[in-house]
There are 2 protein chains.
Amino acid sequence: MANPKGTSMTDELSLDPENWDAMRALGHRMVDEMMTSLETVRERPIWQSVSEAAREGLDQPLPRGPEGAAKAYDDFVRHVLPYPMGNIHPRFWGWVIGTGTPLGALAEMLAATMNPNVGGGDHGATWVEAQVLAWCREMLGYPADSSGLLVSGGSMANLVGLAVARNATAGFDVRKEGVAGASGRLMVYGSVEIHSSIQKAVELLGLGSDSLRLIPVNDAFEIDVAALEAAIAADRGAGHRPICIVGSAATVNTGAFDDLDALAEIARREGMWYHVDGAFGALAALDPDLRPRLRGMERADSLAFDLHKWMYIPYEAGCILVRDAEAHRNAFTLTPGYLVRAARGLSAGEVWASEYGIQLSRGFKALKIWMSIKEHGIDRYGALVRQNVEQAQYLEALVRGTPALELLAPVPLNIVCFRYRGDGTHTEPQLDAMTAELLVRLQEEAVAIPSLTSVRGRKAIRVAITNHRTRREDLDLLVREAVRIGGQLEGAGIGSLAEAGGAPATH
Amino acid sequence: MANPKGTSMTDELSLDPENWDAMRALGHRMVDEMMTSLETVRERPIWQSVSEAAREGLDQPLPRGPEGAAKAYDDFVRHVLPYPMGNIHPRFWGWVIGTGTPLGALAEMLAATMNPNVGGGDHGATWVEAQVLAWCREMLGYPADSSGLLVSGGSMANLVGLAVARNATAGFDVRKEGVAGASGRLMVYGSVEIHSSIQKAVELLGLGSDSLRLIPVNDAFEIDVAALEAAIAADRGAGHRPICIVGSAATVNTGAFDDLDALAEIARREGMWYHVDGAFGALAALDPDLRPRLRGMERADSLAFDLHKWMYIPYEAGCILVRDAEAHRNAFTLTPGYLVRAARGLSAGEVWASEYGIQLSRGFKALKIWMSIKEHGIDRYGALVRQNVEQAQYLEALVRGTPALELLAPVPLNIVCFRYRGDGTHTEPQLDAMTAELLVRLQEEAVAIPSLTSVRGRKAIRVAITNHRTRREDLDLLVREAVRIGGQLEGAGIGSLAEAGGAPATH
């Protein structure tokens, strides 16, 4: 055969190392230092502002020539590693963020070594993902013949679920005609406490936020079921088309569970889609005592949840399950000529992930989940979920027992919202200013990282415990330090600053 | 202060190892075995069907109790590692899939150890991502004041770009009112060769595929610019609202570049958004000789591309750049109470990724990119892009010089589409059947993995080289084996099977 350019094969480049043993040695050093960084994390500050020197190290011109692997790692150790977000630390309770684990981190190296595109086909990663999805269904009591997909997280899971909901319920070919083809406005319902990703999804899907009807909650921050029914009836009367109910399991702000069974019943009666956003709370199903609170979740048409929150899997690891696999596939399937399948070979296989979601290229997220569940067994995750809930109850009791602190919401799950009220003489604006400043001081003094939220219009320090390293002593420390710093602020008259408009800037 | 449950702190669980040294030793073993698997990948089969035993190992009940980290790894080595997709191998050229690198895999372990949620705030990962985005702009000649976001891949990058396009051009508040608020159909334009993710995005955004106008291509598979102008004019005449032009850099099927500058000019003149899908071809900008072909790409309003394709970064690593940072933010910003920012502390910082895309939780994708660019320097990536293009030209010459093979499309970049035509006596259905079977045999006999596509209605074996391990000798082998296997098929009369309806099942 022709060989138009000669037979010399020695002039070709690759990105492989010239010295594999040096790369092995570097890998060993990385493993040692990463494990040590986790083993000793409790002894180090939870957080520190990125230094000027590090910022300079991370603001460099595009490197033209090679610096080598060891130099790249050294710069990571110098400029990046000392500045974690903090969520690997035992006293991180901000937003809803998981901890990660040592084996989870190592599994990411394994996944990236094999580096498959897990879009489908006959290779190991596809089977691992199928196994993980089967386990997820089993964990949550969801039907075995439902379809599922690992995604980047709860926002994406909610988007995929609502995309299926929109297409399956619209009553015409939305994929072809678009949302403008609807005869009435397509309406989605959830409580005022639903996660912002629901609104983002509704907007992205072209429905518009006018299509999202937010229903009031009761004193426990659970959706007002009667108000929901009234809203649906009113919207029907106005010519709109109610298509979907979103239940929260649980709400991000306070950890409240909607009455999931009642919502399922309404959706069934009204012929609507039922989506449950179980970002973290769905995993409460792992604890037998908490599981009854989720009654009705198994009736959802689509169920979104995260493994990187309350199962402590490293980012990213979200999941969407859809009861009607055909509806799921119908929302996304597209098979151009260059993605044609075969009965044999690599392109064999029935289920192609790209037909069930937005991504075509997909990493091997399933491996870290599969290995982690095997490492610990699912019962230990259930025990840790329960431990985090008990820790929240412990903190609740501490707050209730501390006169200078004030609990701002019930504690149904793993979230505690409170503030420093001091001597009880402060106005609401003063309390808001003190709360915001106290939160920042807790971070700056490397005490702990809760996050700031608003509960019924009042600023609150919010402790959401999805952390397998937290101990009760950490919560003791938080309360002790919150009282100490709060007292300092009170003494310095920061409350009066707020009234003068000089409160710390928050936006 | 109260301590309602006593002071015993020893009864609390965590997922950390009891024996850190054992975890270190396991990590060393993993590093050694992963590096060896890459060092010796050329010597092993590129692909094999997942065995029955492995499938059984990956179809187990949910583990209730712990199996331990070592057992989890052993099972990975037994059931998963032997069944790669194949894209780490030098002879993988299917679809457009990158190779990954050893340091890229190690970097994923580092990222998952720190395990930040890179949604924003003052911690190291945020700064690394900002650095990587700055480098991406510099690499592609895109404006320094544009905004950007790392995403999972090209499909997501296209979705984000088109979401911004929709919202910025609709002329009313799409986020609030939804697509149904438009006075005429919002139209998006691209060639018949654009990637399917564009259609997926248009459908997801609620525009409907009726809003996607596919324009014919010329003999070089480039968009017919005159036909595009005519279509826009006709749609305006019909009362539609042309909002966006999508340029391909390059097309997935054959690697053709649209006339990006001409498209920019039309978009400017028509007041439309200009999105460039540069999933792999945008990286051709790294080679000075190829760069002129991308003239006009820098004028795009939004630019989507992947680092996990032609920069060989492990999955997932995509990117979207948007010229008008404010338009980008306006498409996604939402700041509920629980995501409030502060002027100091962890929640400080101006740019929050969640305001520029769909995700709220985001992993630390930037680290592997940052470390890889530092390791090799950007010039070496340019040299590898050029090497892959020269390898495609080498294969083109081999095919042209081999009478039993037939080239089915021009080779403007790194993609070669060909088929086995044998003695030239076969009908088109026979040739299609032979091509599909030849493709599967190449995989089953572990020769190489191209993928199957259709070029102007004819089935083609498509070799897309985004592989830093490929050598010219690998392409020699492909041609030699394609001729050998093609001859066997011809001899066995598989062509006649096709006419009898017995061709291998493809769907």
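Reader: In which loop of chain B is B:R456 found?

Author: B:R456 is in the loop between β10 (451-455) and β11 (458-464) of chain B. Helices (H or I, at least four residues) and strands (E, at least two) are DSSP runs, numbered from the N terminus. This is a predicted model, in which local features need pLDDT of at least 70 and side-chain atom pairs count only at pLDDT 80 or more, while totals for chains, interfaces and linings use all residues. Residues are numbered from 1 along each chain as its sequence is written, and chains are lettered from A and ligands numbered from 1 in the order in which they are written.

Reader: What is the phi of B:R456?

Author: Most residues other than glycine have a negative phi, and most peptide bonds are trans. B:R456 is not a glycine, yet its phi is positive, about 50 degrees. A:W95 is another non-glycine residue with a positive phi, near 45 degrees. A:W95 sits in the loop between α3 (69-79) and α4 (102-114) of chain A.

Reader: Does A:W95 count as buried or exposed?

Author: A residue is buried if 20 or more other C-beta atoms lie within 10 Å of its own, exposed if 12 or fewer, and partly exposed in between, with C-beta atoms placed from the backbone. A:W95 has 23 C-beta neighbours inside 10 Å, so it counts as buried. B:R456 has 12 such neighbours inside 10 Å and therefore counts as exposed.

Reader: Which peptide bond of chain A is cis?

Author: The bond from A:A249 to A:A250 is cis, with omega near 5 degrees. A:A250 lies in the loop between β4 and α10 (260-270) of chain A. In chain B, a cis peptide bond joins B:A249 and B:A250, with omega about 5 degrees. The place of B:A250 is in the loop between β4 and α10 of chain B.

Reader: In what order do the 7 strands of chain A form an open sheet?

Author: Two strands pair if DSSP finds at least two bridges between them. The order in chain A is β1-β7-β6-β5-β4-β2-β3, and the pairing is mixed. From one strand to the next the twist averages 20 degrees.

Reader: In what sense do β1(A) and β7 of chain A pair?

Author: β1(A) and β7 (residues 318-322) of chain A are antiparallel, with 5 bridges. Within this pair, A:L150 stands opposite A:C319. By contrast, β2 (residues 186-191) and β3 (residues 212-215) of chain A are parallel over 4 bridges. There A:V188 faces A:L212. Helix α8 (residues 196-204) of chain A carries the chain from β2(A) to β3(A) in a right-handed β-α-β crossover; right-handed means that, with the strands pointing away from the viewer, the path from the first strand over the helix to the second runs clockwise.

Reader: Which strands does helix α9 of chain A lie across?

Author: Two residues are in contact if their C-beta atoms, placed from the backbone, lie within 7 Å. Axes are lines fitted to C-alpha atoms, for helices over the stretch in contact, and angles run from 0 to 180 degrees between N-to-C directions. Helix α9 (residues 225-237) lies across β2, β3 and β4 (241-248) of chain A, at about 150 degrees to β3(A).

Reader: How many residues of strand β4 of chain B are buried?

Author: In β4 (residues 241-248) of chain B, 7 of the 8 residues are buried, so the strand is largely enclosed by the rest of the structure. β4(B) pairs in the parallel sense with β2 (residues 186-191) of chain B over 4 bridges. Another 5 bridges join β4(B) to the parallel strand β5 (residues 273-277) of chain B.

Reader: How many residues does the contact take from chain B and from chain A?

Author: The contact takes 175 residues from each of chain B and chain A. Helix α1 (residues 20-39) gives the most to the chain B side, with 13 residues. One residue that reaches across is B:P102, which touches A:D16, A:P17 and A:M23, among others. B:P102 is in helix α4 (residues 102-114) of chain B.

Terms used
Lists of a residue's contacts leave out its neighbours within four places in sequence.
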